[in-house]
Amino acid sequence: MATKLAVDLRMFRHEFAAAQGADDPVLRESWRRTWWMLYIVDAYYAGTLGTTNLRVVDIDATAELPCDESDYESGCAASAMSTTPNIAAEEESTHIIQAVDCSLDGWRLLLPPDRKQIMDATGEVDELMFQAHLMIHV
């Protein structure tokens, strides 16, 4: 229901956070993080349930990511899941697994070296990268 409401409100648009956050950069960031968290949770459910019913896969999201776009390759779960059919024949399984594996490998290879580990040398965890790595290992 939360994802449907967010889509209905068009939270995925850049203009939403700007309009609802007014001149408060913390509030604007909160709106962006809310959208992307709903996106991630939708992917978690789809992956955990073994379905390809990712509701947000075809949405052209313009909401800025909670971190620099150069540091985070957007759409890794959506692009991997969009390569799979809703109902697959048994003989397609190898192709589907290879396609998803290639998508995820590509995402990992494109990460800047300082983003490949979820914990830095001081022991601080990068929450967004933790969630991204968690999602690809579900």
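This is a predicted model: local features need pLDDT of at least 70, side-chain atom pairs count only at pLDDT 80 or more; totals for chains, interfaces and linings use all residues.
**Overall composition**

The chain has 138 residues, of which 32% are buried. Its secondary structure consists of 6 helices and 0 strands, and the order of elements from the N terminus is α-α-α-α-α-α. Among contacts with a separation of 6 or more, 61% are between residues 24 or more positions apart.

| Helix | Residue range | Buried residues |
|---|---|---|
| α2 | residues 14-21 | F16, A17 and G21 |
| α6 | residues 127-136 | L128, M129, Q131, A132, H133, M135 and I136 |

**Helix α2**

In α2, the buried positions are F16, A17 and G21. These residues lie on the same side of α2 because they cover an arc of only 105° around the axis. The partner of this buried set is α3, spanning 25-49, against which the buried residues of α2 pack. Just after α2 comes A22, which takes a positive phi of about 50°.

**Helix α6**

Helix α6 is largely enclosed by the rest of the structure, because 7 of its 10 residues are buried. Here buried means under 20% relative accessible area. The buried set of α6 includes Q131 and H133, along with L128, M129, A132, M135 and I136.

Key: Residues are numbered from 1 along each chain as its sequence is written. Side-chain values use heavy atoms; hydrogens and water are left out. Buried means under 20% relative accessible area, exposed over 50%, partly exposed in between (1.4 Å probe, protein chains only). Helices (H or I, at least four residues) and strands (E, at least two) are DSSP runs, numbered from the N terminus. The arc is that of the directions from the helix axis to the C-beta atoms. Contact means heavy atoms within 4.5 Å.
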